[in-house]
Amino acid sequence: MNTATLKALIWSDWRHSGPHGHMVALVAAMGIVTLGAMALPLGNWVIPRVHYLPLHTLMELASVFVAFLVFATVWHTPDKTVPGSLALLTLALATAGCLDLLHTLSFRDMPAFITPSSSQKSIAFWLVARGLVALTLLIFSFWPDQPPLQTAQRRTWLLASGFFTVVVAWIVIAHEHSLPTLFVAGSGLTPAKVGAERIITAVLVLATWRLWRLSRAATQTAARGSGPMLFGAAGLLTCCEVFLTQYALSNDLQNMLGHLFKVAAYGLVYWGLLVVTVRRPHETLAAQTQSLQTANATLRTQALALETTATPVVVGDALGNVLWRNRASLAFLPPDTQAVHGSMSLFAEPLTPDPQLAEAMWWTLRTGQPWTGLVPIRCPSGQKLLMRRVVTPMLDTNGSLQGFVSVSEDVTQSILSQQRYARMLETALDGFCVVGPGGRLLEVNAALAAMSGYTQDELRALSVRDLEVDTSDTEFHARVAQLRTTGRAMVTTRHRHKSGHDYPVEISLTCDPDTQNFYAFVRDISERQNAEVSQRGLERQLQHAQKVQALGQLTGGIAHDFNNILASVHGYGNLALNRLVTDKESKLARYLKEIVGASERGRELVTKLLTFARAQADGEAPVIDPAVTMKEVVAMLRPSIPHGIKLTNRTSEAGQVRINPGELNQVLVNLVINARDAIEGRGTIDIHLHRLANEHGICAASHMPFAGEFMALDVTDSGSGIPQSAVAHLFEPFFTTKGVGQGTGLGLPMVHGIVRRARGFITVHSDPGSGSRFRLLFPFVNAAPDPSPIRVLPPAIGHSGTGQWVWVLDDQPAVGRFLAEWLAGEGYRVQTFDTPQRLLDALESPGAELHALVTDQSMPEMTGLELAAQLQKQRPGLPVFLYTGVADTIDPALVRANGVRQVFAKPVDTDALGRALSLALAQNAGMQQLITDQKT
């Protein structure tokens, strides 16, 4: 082929539509670049090894990334949209990517990641990867439109490709010396390597020619649609192989150009497959969607036109039984047959009362010809009407009769018009009226009378101005003028009921240009507006619930981590104060006391955070009399209330609620302290317990509506009040109306959390300068209060150990070290662990001694309860003590079932832990002695 012929061929391909011409130009340009590079002495341009190795690694990793990107894009496309040939091509490319990665890792001078690097292994991986890609492209060029693979077939091919990759890796790595020599240091490539490269080049040349022909076909099938890009990729890979068969050393410039061409070729493959798997299906789907929307709109318009047309239309089956009819056809059917489809026939009463006429109609329609004629019928009122009817047979594409369509027209127009008009007025759900030019109501229906509260006679004595509310004369006359100009209008206004209240209405108006009368349909939209208001309320509730949930998760996470820090600070502070400071009045003692006190205040803050974060009750709370708790709180707080503030409590009516008394104590203390801070100087704080029946409203905390019978607990103060702008944010965490450093913003969120778990609600009433009232509403419980539990104190025994082994498990090293040091000081031998698995491994070692376990509940591998359950199977009766930052959320039944002796809250009370540990070890020692005595 001479130069002129080649130039004409390239120009012809360029003028073809779409990507084909572009790819031909690209391959031609890259071929010219390749020939130029071959002509220039680039082989003498040696890149220093220190620079070549990272460049080579970067190029290979780029090609690996693109290969995996191609695989991910096609493999996650639905099965039915990807031809099998493309799926196999992507598998081959992904396999080549894996082999290219092994080629990169085993390249000479690379670190020994998987196996010591060598040119032999690197080139072997390279040749298999290139050969696989070339062979797959050639196969694709012959069979581009294979049917899509089923899911099972896809998985089978994926496993096969993975197995192929593993086998190749095993052969190259484990049997490197059994392979043909591909590279000799100092000499360069061997004939085996050059020959393999030339075979691959020949396969790629053939694949390029086949794909060029495939791209010229310009077919619309999915697989062939990627032909231009695959042709370009095959051409670039051919240029790449030409480079790689010419160099003598492994680090020349031609080698790098070949790698660059390979990355570009993989990019073209990705582009082509992206067009097939993503863009083209999207364009097809968009076109189909647009077509479907157009068809649906047309059908809706036709159906609406057919349904709303004033011409009676009836559809029957092949026997004449009525299947469907529009609203207009109901005007001349008896009431007892209007509701049942299939109970009427086109050839019988009431549609065709005359039997002879019905028989003639039937014989005409059987011939496939339409029937036209007059049908006398009797309307429900007994009046005879003449209907001009056209009945047309419905035939399918095969000419078979499927049914009939009957279209009627009333020729007794005046009688039918009067009947339809009267029926419309009496049966319409919306109000209807005819308004004269001066606004007088000329005619009204029963629905408008029921809506307005007037009788029909009373309405006829009124005008529109008598019904409308807050519409000036100027607005009314402007509306009338506009209506006469446009002919119709839609108005939303308010009407006044006869009883005096007003209600919203929507009015559809039409003007008759001949009589200048107005025809109006009036619809009461009170329910619709109420529904919209309700929907907006539900949206606010949802937004609030989502915000509370997010804040709860945030605060719960912060509190959990903060609790671990406090456990270390509090524990080490107590250890230092009790064991290392002899003079309790020294400066060091005072400093340590401040640290311990600050950690205790932090523990209270964490308790508030966790109280807010808990959204649900932890179990069935007891039934209590809130008056008892209220009196206890008042007696406790009275000494802390300034003398200028009067604190009172009263109970109007006794009742029971279901709530934890300690939590109710927290709520009252918080509200009373807030009321105290809101009063400057003198004032009053009143706590009032009373019963409310049929109470309803909106919760100020959750924005949820409530209704029912409640026990109300009011905390009212005469302070400065709360600004209205702040009321909506009172129960948000960290929001406070107090000054800087005077409040944490967690008190009211804690109140919200407790009341929410008790299934209660909160309302807030406040006027700036007039005080505030917080009302807590708890569901009324018609039951006697639960008896107070009897507390049995453990016997007083010493804390000190006698050398028993106590293991401590905590994923926070600081907490574990503190407990270990404290237990060691109490006379125990201690071993600490930071993961449950390490503890279980140590337990399996010979001679492991374990008399008791102290463990955290929340750990990454397994919880403390799960660990305790597993230990009970290995060492039944082993005393296990659990501590956690959310002790009140753990089910006591699970604690007992898993063998846990006691649960402690963080920071751990070491005195209580010491007593429980000593008691458990003493009981176990006594049981072991009893068993020994029985054996002897």
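Two strands pair if DSSP finds at least two bridges between them. Helices (H or I, at least four residues) and strands (E, at least two) are DSSP runs, numbered from the N terminus. The model is predicted: local features need pLDDT of at least 70, side-chain atom pairs count only at pLDDT 80 or more, and totals for chains, interfaces and linings use all residues. Residues are numbered from 1 along each chain as its sequence is written, and side-chain values use heavy atoms, with hydrogens and water left out.

**View 1. Strand β12 and its partners.** Strand β8 (residues 431–435) joins strand β12 (residues 518–524) through 5 bridges, antiparallel. Here V435 has F518 as its bridge partner. Strand β11 (residues 502–511) also runs antiparallel to β12, with 7 bridges. V505 stands opposite D524. The β11–β12 hairpin has 6 residues between the strands, and Q516 takes a positive phi near 65°.

**View 2. T238 in helix α8.** Helix α8 spans residues 227–244 and holds T238. V27 lies 211 residues from T238 in sequence, yet 9.6 Å away, C-alpha to C-alpha.

**View 3. A parallel open sheet.** Five strands are ordered β21-β20-β22-β23-β24, with parallel pairing. The edge strands, β21 (829–833) and β24 (900–905), each pair on one side only. Strands β22 (residues 852–856) and β23 (residues 880–884) share 4 bridges.
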